[in-house]
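Morning, everyone. Please bring up the model on your screens, and I'll walk you through it.

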Amino acid sequence: MLFIRKLNCRLVLARIQGRWCTTEPTRHVPVMAKETIQFLKPRNNELFIDMTFGAGGHTREILKAAPSAKIIALDRDPVAHEMALALADKFPGQIYPILGWFSELPQKLEELGIRQRSIDGMIFDFGCSSMQFDEGSRGFSISKDGPLDMRMDKERCPDAPTAAEILAKIDEIDLARVLKIYGEEKHAKKIAGAIVEARNTIKKIETTKELADLVQSCFGSDSFGLDKLKRPSHLATKTFQALRIFVNNELNEINYGMVLAQHYLKIGGKMITITFHSLEDTIVKRHIMGNVLNDMANKLPLRYNSHIICHEQEVMETVMKSPWHQLSKHVIVPTYEEVEDNPRSRSAKLRAVVLVD
Ligand SMILES: C[S@@+](CC[C@H](N)C(=O)[O-])C[C@H]1O[C@@H](n2cnc3c(N)ncnc32)[C@H](O)[C@@H]1O
């Protein structure tokens, strides 16, 4: 029975990835797992929410530290959700997998009978998992060709527009704003102009390679970018980041996730956040400091995006005064050894706070 379930799970994974094979996807390595547990200090029988289950790296660390802890495992990605279901089989009665967005969580928790102020700890490990980044067919990868999709939950939301569909329709001015704001791309206008010209005169951009090559062509074939640590990076990195954030409504979701943590944690409950770029970190930091701006998360029109806008005035007013106490004076970054072992961790910043009000 267990064998059949495992086989089914692998086939579902393969089907979701658009290919019939039985190889496992790249396993995501959890970032700053040791530091997460040091601050979270999980204890047996406590109840946690892993808001970004992914491959379950942080959830597993909680279980190692507190073997009878209970964990609600949320992820919007059906591939990650299958992994959560498999882990729930291994730990009966301890893992509660939920498929959905942060903004859908209140409804899902109500169905489980979970009330506000009842959670001991919440983890947010933002961004994409290695399973999403490294699988060409998911359309996030600059280096592996695939359809320009970028939806974290395409099976669940087949009507949500892909990155290719957005690039086929968006006005040049709006595109430049998306690239500038969500990618912090200095050459946003130039790249937006090239994309619109290509779609009008040659063809629509449909694959990750076409987009990566087009952005590269704006600068010359020998040029390369530098990341924040001054290492060479592909010139399309910021364009890909911007589109991914836009396609998945990521900043509004993070903003709403911070509101949820304040509602669902017990007084004394802890929140750990791991961010990978300054747009994510700024939202988290503003909530922690009690300095939330109404229009902070999404300064762009969402007419290409079917998701709910989730930063209503009323909700935001309840979080203007900070109820958080910081567990560490400074932001935590990965050790040199971790960055060597897992280069994906290089831009990570961990914040740990406790709810006091
Ligand atoms: C960096 S990965 C988490 C990896 C995980 N901590 C681990 O160690 O395996 C981020 C995960 O968050 C999920 N995610 C991102 N935004 C989300 C949202 N708004 N709602 C639910 N899940 C989300 C992604 O699908 C992805 O699987």
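First, a convention for angles: under 35 degrees counts as roughly parallel, over 145 as roughly antiparallel, 65 to 115 as roughly perpendicular, and the rest as oblique. Axes are lines fitted to C-alpha atoms, for helices over the stretch in contact, and angles run from 0 to 180 degrees between N-to-C directions. Helices (H or I, at least four residues) and strands (E, at least two) are DSSP runs, numbered from the N terminus.

Two housekeeping points. This is a predicted model, where local features need pLDDT of at least 70, side-chain atom pairs count only at pLDDT 80 or more, and totals for chains, interfaces and linings use all residues. Residue numbers start from 1 along each chain, as its sequence is written.

Now the overall picture. The protein chain holds 15 helices and nine strands. Of its 357 residues, 44% are buried. Buried means 20 or more other C-beta atoms within 10 Å of the residue's own; exposed means 12 or fewer, partly exposed is in between, and C-beta atoms are placed from the backbone. Contact means two such C-beta atoms, placed from the backbone, within 7 Å. Take the contacts in the protein chain with a separation of 6 or more: 68% of them join residues 24 or more positions apart.

Next, a helix pair. How do H8 and H11 cross? The axes of H8 (residues 172–183) and H11 (residues 237–247) come within 8 Å and cross at roughly 95°. H8 and H11 are therefore roughly perpendicular to each other. On the H8 side, Val178, Leu179, Tyr182 and Gly183 make the contact; on the H11 side, Lys238, Thr239, Gln241, Ala242, Ile245 and Phe246 do. By class, that contact has six nonpolar, three polar and one charged residues. For the classes, Ala, Val, Leu, Ile, Met, Phe, Trp, Tyr, Cys and Pro are nonpolar, Asp, Glu, Lys and Arg are charged, and the others, Gly among them, are polar.

Stay on H11. It is mostly covered, with 10 of its 11 residues buried. Those buried residues pack against helix H7 (163–169), H8, H9, H10 and helix H12 (250–264). Just after H11, Asn249 has a positive phi of about 55°.

H10 (residues 208–217) buries Thr208, Leu211, Ala212, Leu214 and Val215. Seen down the axis of H10, these fall within an arc of 165°, so they line one face of the helix. The arc is that of the directions from the helix axis to the C-beta atoms. Their cover includes helix H9 (188–201) and H11.

H2 (residues 33–40) is next. Its buried residues are Glu35, Thr36, Phe39 and Leu40. Down the axis of H2, they fall within an arc of 125°, so they line one face of the helix. Covering them are, among others, H3, strand E4 (119–125), strand E7 (265–275) and strand E9 (349–355).

Now a loop residue. Is Arg151 buried or exposed? Arg151 counts as buried, because it has 22 C-beta neighbours inside 10 Å. Arg151 sits in the loop between helix H6 (130–133) and H7.

Last, the ligand. Of the 21 residues around it, Pro30, Thr52, Gly54, Gly57 and Glu253 come nearest. Near here means a C-beta atom, placed from the backbone, within 6 Å. The shell has eight nonpolar, eight polar and five charged residues.
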